[in-house]
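Here is a quick walk through one model, going from helix packing to the sheet, its charged pairs and its cores. Have the structure open and follow along.

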Amino acid sequence: MIAKDIKEAKAQAHRLADAMKRAGQPVSLSRAYEIHAQASGHADWNTMAAALKAPVGHGLALGEAVRGRYMGQPITGRVHALKRKGAEHVEIEIALDAPVDVVQSAAFSSLRRRVRATLGPDGRSVGRRSDGVAHLDLS
């Protein structure tokens, strides 16, 4: 389960330390914090704590279900990573529920299981296709 705030993350680290102790592999609480942070995709506990304390914007949270369109194809998935990019933009990585083919050619395909884009305040990616359509649209 992905923590949505620092209090929940600390509780999860405490449960991890307790479980490791019961399993005969005791770890210090500080080590449990580090293990939990790395398992959640962060470099270390300090990085995770900072990410959980500061709201990223766009009303998105790690682990949240999202739906929209990527390269014109409908997608559903969960927010895997968020990173603030300036005052109004956020970089998002989405782990897709099902792979999406990002090629419109009948000659070949290219399936993606994760997609990443920089979103503007309107929920659409800054990057555009040649026809002007946003690569990712979560609006």
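This is a predicted model: local features need pLDDT of at least 70, side-chain atom pairs count only at pLDDT 80 or more; totals for chains, interfaces and linings use all residues.

Helix H1 (residues 6–22) packs with helix H3 (residues 45–53) at an angle of about 145°, and their axes are 9 Å apart. On the H1 side, the residues that meet H3 are Ile6, Ala9 and Lys10. H3 answers with Trp45, Met48, Ala49, Leu52 and Lys53. Sorted by class, that H1–H3 contact comes to 6 nonpolar, no polar and 2 charged residues.

## The sheet

Now for the strands. There are 5 of them in an open sheet, ordered E4-E3-E2-E1-E5, and the pairing is antiparallel. Strand E4 (111–119) and strand E5 (136–137) are at the edges; each has a single partner strand, so one side of each has no neighbour in the sheet.

Strand E3 (residues 89–101) pairs with E4 over 8 bridges, in the antiparallel sense. Take Ile94: its bridge partner in E4 is Val115. Met71 isn't a glycine, yet it has a positive phi of about 50°. You'll find Met71 in the loop between strand E1 (65–70) and strand E2 (73–85).

## Charged pairs

How many salt bridges does a search of the whole structure find? The tally is 7. One of them links Arg116 and Glu93, with the closest N and O atoms 2.6 Å apart. Arg116 lies in strand E4 and Glu93 in strand E3, so this pair ties together parts that are 23 residues apart in sequence. Are these two partners buried or exposed? Arg116 is exposed, with a relative accessible area of 51%, while Glu93 counts as buried at 11% relative accessibility. The cut-offs explain those labels, because buried means under 20% relative accessible area and exposed means over 50%.

Lys85 forms a salt bridge with Glu91, and here the closest N and O atoms are 3.5 Å apart. Lys85 itself is partly exposed, at 36% relative accessibility. Then there's Asp122 with Arg124, where the closest N and O atoms are 3.8 Å apart. Asp122 is partly exposed at 40% relative accessibility, and Arg124 is also partly exposed, at 32%. Through shared partners, salt bridges join Lys85, Glu91, Glu93, Arg114 and Arg116 into one network.

## The nonpolar cores

In soluble globular proteins, nonpolar side chains tend to be buried together. Here, the largest nonpolar core has 20 residues. Those with the most contacts inside this core are Tyr70, Ile75, Leu82, Ile92, Ile94, Leu119 and Leu136. E1, E2, E3 and E4 each supply at least two of its residues, and E3 gives the most, with 5.

Ile94 turns up again here. Leaving aside neighbours within four places in sequence, Ile94 is in contact with Val66, Ile75, Gly77, Arg78, His80, Arg113, Arg114, Val115, Leu136 and Leu138. That list includes Val115, the bridge partner of Ile94 in E4, and Arg114, which belongs to the salt-bridge network.

There's also a second, separate core, this one of 9 residues. Its members include Ala3, Ala13, Ala37 and Ala49. Ala49 is also one of the H3 residues that meet H1, which brings us back to the helix pair.

Methods:
Residues are numbered from 1 along each chain as its sequence is written. Side-chain values use heavy atoms; hydrogens and water are left out. Axes are lines fitted to C-alpha atoms, for helices over the stretch in contact, and angles run from 0 to 180 degrees between N-to-C directions. Helices (H or I, at least four residues) and strands (E, at least two) are DSSP runs, numbered from the N terminus. Contact means heavy atoms within 4.5 Å. Ala, Val, Leu, Ile, Met, Phe, Trp, Tyr, Cys and Pro count as nonpolar, Asp, Glu, Lys and Arg as charged, and the others, Gly among them, as polar. Two strands pair if DSSP finds at least two bridges between them. A salt bridge is a side-chain nitrogen of Lys or Arg within 4 Å of a carboxyl oxygen of Asp or Glu. Buried means under 20% relative accessible area, exposed over 50%, partly exposed in between (1.4 Å probe, protein chains only). A nonpolar core is a set of buried Ala, Val, Leu, Ile, Met, Phe, Trp, Tyr and Cys residues joined through side-chain atoms within 4.5 Å.
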